[in-house]
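Hello,

Here is the structure I promised to pass on. Please open it first, then read the notes below it.

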Amino acid sequence: MQRRNFLKTTALAAVASMVMFSAAHAENAKLKIGFVGVTSGPAAAWGISNQRSMEARAAWLNELGGVKIGDTTYDIQIVPFDDQKDPKRAIAGMEKMAQEGVHYVVGPNVDDGAAAVRPVAEQKGIIYFPYAFPKTLYVAPASNAILGMVANYQSGPAIYKYLIDNKGIKKIAFVAANESDPLSQRDSGVEAAKALGLEVVSDKVTYQVDTTDFTPVLLPVIQTQPDLLVLSGVSPANAPQLIRSARELGYQGLISTETAQDAAVLAEGAGELANGFISVGGASTPELASDAMKEFVDRYTKMFGEYNDESNTKVYALEYIIETLKANPAAIDNVDEYKKTIDTFEAPNPFMVGDAKLHYVGTTSFQQKRQISVPLVVNEYKDGAFQTLFVAQVD
Amino acid sequence: MEQIIANGLYLGAQYALIALGLTLIFSLMNVLNFAHGQMYVFGGFVCYTVVSQLGLPFIVGLIASALVLGVMGALIERFLFRPVIRRSKRDESTMLLAAGIAFFLDALILLLFGEKQRGVPKIVNGVFNWDFRLIMPYDRILIGVLAIALILGFILFMQYSKAGRAMRALAQDRTAAQLMGVDVDRYSMLGFAMGAMLAGLVGALLVTITGVNLGMGGPTSVKAFLMIMIGGAGVISGAIAGGFILGMMESVGLSVLSSYGDVTYLVIFATLMAFLAIRPQGLMGKPWG
């Protein structure tokens, strides 16, 4: 009898501790956030830097116990999809997100992909954060897209004005890949340059996106002797080769772009020939980076082996999604609630020093707030690293 | 004009080296190696790893690329193409296999080497500048000379070595070569290995000029096919001619047609279509059938 009681008691205790153990380590609910973008091919760095930024930040938040939205604590789960910079695949990716019950998607990275997924996003109740600039995505009646970075028609004029005032440039030339993104960036750059009184000496030269030798491409451009050569919409893979070819052809003027670049790629591809190259950066310059930003860079590096400077502009999208959902938990599966929150949303910006805030902007450019506020940081490459040229805010 | 010709010759030398590997494989095995561009990219990344990450001299990087791609080519022929050619009665099987290998290598390159553009520092600094009429960086001149030396070395090998004669016999008439005692399996494997090695060598040479990234494979394969279509598939002299012709057309087109927008390759493709309609076997290929 005593033995039976002992066995019963022991069994009950074992079961009880297993239940308590399970309860203590019960999994948080999952909050799926999607990514649809290019993670292969020459522009892979754009999409991979997005995906890895999200995964690094999600892993960090989950390690801290998850994210509390309303009464529920969630682990963030990133659901990625490689669209290979193909609009048809981008549509398939967005449909996959809808099937998985994802309402918030970062990407796509390029104009045609972002335009292609708009109908799917609007039908399936998805808000997406493209890194594409066409205003039609953000101006009413469109309302489901929120621009994830500074647009070239916002950064271009700021860069040209700065160079007019500080470097005295008068003549400008543009070269672009023969693709919709770079061509539209070139066209808006030309418009901005003319509005500022610059003489556009060359704006017709384009190159195949798979070009590897840019010397024959740049020869006619260099012969027009611009003060500033703009590499419109240049991919991180092509930038160092274009810079190198220009310098080897004897070009002494300034070279700039309005896309994000990677210092290591520039160092390897162009070395000291890339010194002076101007591009758009993000929040991890020494003057701006908070301790949280520095920790993010460390965690990213540990997770993936090396950091990608483009993540400086890509780190924000996931943060905005999570903080906006915290501000209005009803938006967790209802994008209309999210849209209601956009106009008044404000939260501390963890990635910048001081009392910088996360808030939505875009009223000037789009007549509605459909852009996340990220600092416009214009960098100059020098000896393997970026140095801040100037910082501004855009709307 | 001098600049255009110099650019054309430089491009032509690189392209000819790429085309040689592709045409060698086609001549021996009647296989269009769709993975040729990916092998070029792999060679570039091997050289980058050896030079930029391990800090070894560029010549070591070149040799490493040649060896790695040679071994890869031999293994691909031995364990993939040979069984398929033996068992399948349809030519399309090898084309599908080659396409599959291309996709596989793309994924492998992404896993092994990552997504970023990679480059090797210039091996020679300075620019040759003849009064701004001809501007050519010294490293391009060196790479161009190396490419021409490799082409000459390849021609000499094919002409005067036993293995070269055996491979030429195989390319001419497989059955007759077998009857003459040529080991078909051995020289097919050697030929594929050499073709892959040539692709890897160009990748290694050019990583110091144009860099390398995983997206370059497909377009490089397309250009290689263009060259052998121009020159004649399976003919070594045709591959060299095709490479130089394409290089020259590209250089001339980009300079002369630049004011009309990006129409150079439109013109090249249109010209090629008209040319192939008149002479489908290319400049030096034998008529089919």
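Below is what I found, chain by chain, and then where the chains meet.

Keep in mind that this is a predicted model.

**Chain A**

Start with the overall build. Chain A has 14 helices and 17 strands. Its radius of gyration is 24 Å, close to the 21 Å that the globule rule gives for 395 residues, so chain A is as compact as a globular protein of that length. Along the principal axes, its C-alpha trace spans about 105 × 45 × 40 Å. Of the 395 residues in chain A, 53% are buried. Now take the contacts in chain A between residues at least 6 apart in sequence: 66% of them join residues at least 24 apart.

How is chain A divided into domains? The assignment gives domain 1 (29-149 + 285-374) and domain 2 (152-259). Note that domain 1 is written as two stretches of sequence, 29-149 and 285-374. The centres of the two domains of chain A, taken over C-alpha atoms, are 29 Å apart. Their contact takes 10 residues from domain 1 and 11 residues from domain 2. On the domain 1 side, the residues divide into six nonpolar, one polar and three charged.

One helix to look at is α12 of chain A, residues 316-327. It has 12 residues and reaches 16 Å from its first C-alpha to its last, close to the 16 Å expected at 1.5 Å a residue. Is α12(A) mostly covered or mostly uncovered? It is mostly covered, with nine of its 12 residues buried. The buried stretch includes A:Tyr316, A:Ala317, A:Leu318, A:Glu319, A:Tyr320, A:Ile321 and A:Ile322. A:Thr324 and A:Leu325 are buried too.

**Chain B**

Chain B comes to 11 helices and two strands. From the N terminus on, its elements run α-α-α-α-β-β-α-α-α-α-α-α-α. Its radius of gyration is 19 Å, close to the 19 Å that the globule rule gives for 289 residues, so chain B is as compact as a globular protein of that length. Its C-alpha atoms fill a box of roughly 60 × 50 × 35 Å, taken along the principal axes. Buried residues make up 53% of the 289 residues in chain B. Of the contacts in chain B with a separation of 6 or more, 75% are between residues 24 or more positions apart.

Look next at helix α4 of chain B, residues 92-113. At 1.5 Å a residue, its 22 residues should span 32 Å. The end C-alpha atoms are 31 Å apart, which agrees. Which residues of α4(B) are buried? They are B:Thr94, B:Leu97, B:Ala98, B:Ile101, B:Leu105, B:Asp106 and B:Ile109. An α-helix has 3.6 residues a turn, so residues three or four places apart point the same way. Check that spacing against the list on your screen. What covers these buried residues includes α2 (36-53), α3 (58-87) and α9 (217-231) of chain B. After α4(B) comes B:Gly114, whose phi is positive, near 85°.

**Where the chains meet**

In the contact between the chains, 33 residues of chain A touch 33 residues of chain B. On the chain A side, α2 (44-63), β8 (206-207), α7 (215-222), α8 (239-248) and α9 (263-270) each supply at least two residues. Which element of chain A gives the most? It is α7(A), with five residues. By class, this side of chain A has 15 nonpolar, 12 polar and six charged residues.

Best wishes

Methods: Residues numbered from 1 in each chain as written. Chains lettered and ligands numbered in written order. Predicted model: local features only at pLDDT ≥ 70, side-chain atom pairs only at ≥ 80, totals over all residues. Contact = placed C-beta atoms within 7 Å. Helix = DSSP H or I, 4+ residues; strand = E, 2+ residues; numbered from the N terminus. Nonpolar A, V, L, I, M, F, W, Y, C, P; charged D, E, K, R; others polar. Domains from an automatic or database assignment. Rg over C-alpha atoms; globule rule 2.2 N^0.38 Å. Buried ≥ 20, exposed ≤ 12 C-beta atoms within 10 Å, placed from the backbone. Expected span 1.5 Å × (residues − 1).
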